[in-house]
Each structure stands twice: as structure tokens, then as C-alpha cells.
Number of protein chains: 2
Amino acid sequence: MSEKTSKQRDLPTVLSRQIVAKSRLLRIEAIDLKFNNGELRQYERMQGSGRGAVMVVPFLDPETILLVREYAAGLHSYQLGFPKGLIDPGETAEQAADRELKEEIGYGVGKLTALKQVSMAPAFFSAAMTLFVGEELYPEQLVGDEPEPLEIVPWKLSELDELLIQPDFTEARSVAALLLMQRWHQAQQNEK
Amino acid sequence: MSEKTSKQRDLPTVLSRQIVAKSRLLRIEAIDLKFNNGELRQYERMQGSGRGAVMVVPFLDPETILLVREYAAGLHSYQLGFPKGLIDPGETAEQAADRELKEEIGYGVGKLTALKQVSMAPAFFSAAMTLFVGEELYPEQLVGDEPEPLEIVPWKLSELDELLIQPDFTEARSVAALLLMQRWHQAQQNEK
């Protein structure tokens, strides 16, 4: 048993790093490590853009959030989730959130509240994504790079249990964003 | 605006698939797609093991869950999260969950309840992970392939707000598992 707080242990020593595979978009790096007990391991990890990403739970009105249904090549199926995307060079996370909403659902956003920064399989990726709630939407469309218009799916806050069991609502970051939004929303209601 | 339920659109047609990069552990596939509006795109996706994975929120006692702090090469830091791992060939998800607990925290598990199956960045991955709650733990250690013993971190259910803001508790699947466990736990309490 050990300590709750994140007193970081001494990190393993990186003995060498090498790009072992590379495609148009992705790079795989092999990393030779020596742990502090002397154990040697070679791990592989993905080199990302290092740019970070955003995801937004957008409120159309106080009772309704918006999702998108989009083709996901990894699963080769359409998946339901919240609007998201990479932060472009020079953008803040908030600016990226606003732009992605304009591209994906045709709304700008007046008010953004950060819920949490999350990672994805940190054994392999350095990707960080900030999860936001978006309020005060106003119609404004920007053209994104999507091959087809995304299906926009409104959902009532009173029906979140149903959303959680939708077979195409699986992405862990969307699930985390939904449940963190719900905690935030309950705290907002309690303040009133 | 569109339909809530997952009436799947016709999927894009896969024109060709090709492994474009390959390392010891990972394979990147390029996939040429024709969407139903005629748009052509090349996407890249990772080929995983196809074996699926599990994660468990283990209850040491009715008030206490257990986490592990483990080195994560992608972030090059120690990260706090729930015990997890791939399903080995021939194993059920439940057997994998029990084995991973024995390897990572030194407990077998008497009772497993599935919370949800989640995906991770389904645009790139096909990986599916089943999130469980584990109860009725009993001491039993199996040797895993970890380079060093994992730090085991008990956490009181009364202090989950504090866990959510720990700087090293970031993995989206652990966050989703925690919040789904909390919903499940509240439902259990309400039944009593």
C-alpha cells in the first residue's frame, strides 16, 4: 500500500530512442529504458503531433446537449460522441473548441468551462485532451475537412441513462466528458 | 438534426487496405475509402491485437477502492489508474480481469460486474475494453510482466472528488470507469 498523492518516483532512465516505423501521419518510437531496480525494457510508443486536443459537450439549451455521429475508421462504423479535434498551431484550447463546434455542428460558443484534462492510453501516447462544457451557442458554420456532413444528434439531459447504453456511444473520452458534465451540472443546480 | 438511435448509415466502401508501417508491436494500416456522397479519403488506423482488454475498479472493502501507479512511456511519467490489461488467447474477459488483479495488486476477485464496454479513439483503433467493478477480493499473487512492482494506492469512496483532481489521474478510461462505478454504487445504495 502506498501514498495517495503523486509523489513521483524517480523515472526510469531513457537509454536510447529510435523511430522504428513511420507512415504519412503516424510515427512509432522504440524506447530503451532502465528502471531503478535495474530492470531493462524496450517499450514502443506513438509520437503524436504534440498539439493537444479538445472535446466539447455543447448545450443547445439548458435541457439539451448536442452529439455528432461520425464515421470511425478504426472500428469501421459510425460512432456517437461529442465534437472534438486537434488544436491548430497558434490556437488556444478555447479557440480550437470554438472552431471545432463551428465546423462540426454549425455553432460558435459564447462560454466554455474546462472540466478536466485527460490522456488516452498513456503507456503508448502523449496525447492530452481538454474536456469542456460549451454554453451560449450561436449559429455560425465553418467548413472543416470532414468528407461528409456529420449527423447532429440532440439529447435531453433527462435521458442520459439512455445515452450511456447506446451501442454506438462507446468512446471513453466521450463517456468521461458526459459524466463529468453531469457532475458539473449537478453542482450548478445545487448553487441555485 | 437527426435521430437518437443508432440507425447506422451505409458505411463508406473500402477501396483498398495496405500495411504502411510496422514495428515489433504495432502495425499501421492505410485504408482508401469512398463515402456515399462520392468523396474519397485515405485514413490511417492502427491494427491492434484484436484481443480486447479489461479494466477493473476493485473494492478492498465497501468503502475503499484500489488503484495502481505505473510508469507510462507515452507520457514518460508515473500515472494513477485502475488495474487493466489485454485478454489473453483462450481467456474470457472475466478470467482476464481476475488474472490482471492477481498480477497487478495481489488479489483474486470473487464477483465481477460489467459496467460498460468502451473504445479508445475509434477513428484510429479497434480496441475494445470492458470496464468492471470487482468485489470479494482475496489475497493471491501471480507474477506478471511488469518491470517493477506497481505502487498500490487505496482510495476512500468518500474522497472521490479529490481523486478526480489528482494531476496523475488522467486516463480517460480510468475516469470513465470511476464515474460509472459511482453511478452503479449509488444505484446499489438506493436498492437497499
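**Group meeting: a two-chain predicted model**

Over residues 46-180 of chain A, the chain is 19% helix and 44% strand, and the end C-alpha atoms lie 27 Å apart. Helices (H or I, at least four residues) and strands (E, at least two) are DSSP runs, numbered from the N terminus. UniProt lists this range, in an unreviewed entry, as "domain: Nudix hydrolase"; its positions are given in the numbering used here, feature names are shortened, and annotations may be inferred rather than shown by experiment.

A word on conventions. This is a predicted model, in which local features need pLDDT of at least 70 and side-chain atom pairs count only at pLDDT 80 or more, while totals for chains, interfaces and linings use all residues. Residues are numbered from 1 along each chain as its sequence is written, chains are lettered from A and ligands numbered from 1 in the order in which they are written, and side-chain values use heavy atoms, with hydrogens and water left out.

Chain A as a whole contains three helices and 10 strands. Read from the N terminus, the order is β-β-β-β-β-β-β-α-β-β-β-α-α. The C-alpha trace of chain A spans about 55 × 45 × 35 Å along its principal axes.

I turn to the pair of chains. The same surface serves both copies, as 99% of the contact residues of chain A recur in chain B, contact meaning heavy atoms within 4.5 Å.

How many residues does each chain bring to the contact? Chain A supplies 85 residues and chain B 85 residues. Together they bury about 7500 Å², 58% of it on carbon and sulfur atoms; this is the accessible area (1.4 Å probe) lost on putting the two parts together, summed over both.

Two salt bridges cross the interface, each requiring a side-chain nitrogen of Lys or Arg within 4 Å of a carboxyl oxygen of Asp or Glu. The side chains of A:D161 and B:R183 meet in a salt bridge, at 2.3 Å from N to O. On the side of chain A that touches chain B, helix α3 (residues 172-191) of chain A gives the most, with eight residues.

Finally, within chain A, A:D98 forms a salt bridge with A:K102, the closest N and O atoms being 2.9 Å apart. These residues are four apart in helix α1 (residues 93-104) of chain A, and so are separated by about one helical turn.
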